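These are my notebook entries on a single protein chain, written down in the order in which I looked things up.

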Amino acid sequence: MTTKISKHTIFTEEVCSFTLPNFDFYKDKIKQIIKVEENILSSAPEKKCNVIAQRTSWNSHLRYPIMYNISEEMAVVLRQYVELEGYDVPHIELFQCWINWYNKDEYANPHDHGDVLSCVLFVDVEETDAKFIFNSNRRTVLQKKDDKATNFSNLKILTPKNGTVIFFDGSVMHSVSPNRSDKTRITAAFNFRPDYQVKR
Ligand SMILES: [Fe+2]
């Protein structure tokens, strides 16, 4: 006789998305920045990170005003979200911002952004086979012979359209699979910090 065992889901994770207003305008500007970085002056930090691809400096919102403007468009939506969902976050502030571009065979290892609210703008991704993947932080103690009839998953693969912004808890691990195509894959990342010190 076998004992009936019930399952109870204990944690869930949400990722939100929206389309960036004025995306076509910003897309051209981001591509111009990449041309400048490739041909005139690279601002990429020397220290290696988990993005095994090309990128601008972590503070690109200070270097390129258009990146700050994009962050402001995002912040309007984030504030709207905080208000609508009833979160107790009086103020959010941009902390870091950079552009990533993945040439052939470039990728990003699983990593997280720490204690921030992370936004990723998908600038030019539809024609490459590289995938944005969320990786579960959990260690798998029990592994199944197959994955049928379970709600457990270590990976969640996104297939966003150009112009989509996703935002998520920056402590959630994510990665980008290798770009096997000949097209360059472009994204931009924005880390916001909730500020609870503001008087309300
Ligand atoms: Fe990242």
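How many helices and strands does the secondary structure of the protein chain come to? I kept in mind that this is a predicted model, and I counted three helices and eleven strands. Reading from the N terminus on, I wrote the order of the elements as β-α-β-β-α-α-β-β-β-β-β-β-β-β.

Entry on the whole chain. I looked up the extent of the C-alpha atoms, which fill a box of roughly 75 × 50 × 30 Å along the principal axes. Of the 200 residues in the chain, 28% are buried. I then turned to contacts between residues at least 6 apart in sequence, and found that 86% of them join residues at least 24 apart.

Entry on helix α1. This helix covers residues 23-39, and its 17 residues reach 24 Å from the first C-alpha to the last, which is close to the 24 Å expected at 1.5 Å a residue. Which residues of α1 are buried? I found Phe23, Tyr26, Ile30 and Glu37 to be buried. Seen down the helix axis, the buried residues of α1 fall within an arc of 60 degrees, so they line one face of the helix. The buried residues of α1 pack against several elements, among them β1 (16-19), α3 (65-85) and β11 (185-195).

Entry on the core. The largest nonpolar core has 36 residues, and those with the most contacts inside it are Cys119, Leu121, Val165, Phe190 and Phe192. Two or more residues each come from α1, α3, β4, β6, β9 (164-169) and β11, and β4 gives the most, with eight residues.

Entry on two loops. In the loop between β1 and α1 I came to Asn22, which has a positive phi of about 60 degrees although it is not a glycine. Why does Asn22 count as exposed? Asn22 counts as exposed because it has 11 C-beta neighbours inside 10 Å, and a residue is exposed if that number is 12 or fewer. Asp105, in the loop between β4 and β5 (107-111), has a positive phi of about 70 degrees and is not a glycine. With 12 C-beta neighbours inside 10 Å, Asp105 counts as exposed.

Conventions
Residues are numbered from 1 along each chain as its sequence is written. This is a predicted model: local features need pLDDT of at least 70, side-chain atom pairs count only at pLDDT 80 or more; totals for chains, interfaces and linings use all residues. Helices (H or I, at least four residues) and strands (E, at least two) are DSSP runs, numbered from the N terminus. The expected span of a helix is 1.5 Å times one less than its number of residues. A residue is buried if 20 or more other C-beta atoms lie within 10 Å of its own, exposed if 12 or fewer, and partly exposed in between; C-beta atoms are placed from the backbone. The arc is that of the directions from the helix axis to the C-beta atoms. Two residues are in contact if their C-beta atoms, placed from the backbone, lie within 7 Å. A nonpolar core is a set of buried Ala, Val, Leu, Ile, Met, Phe, Trp, Tyr and Cys residues joined through C-beta atoms within 7 Å.
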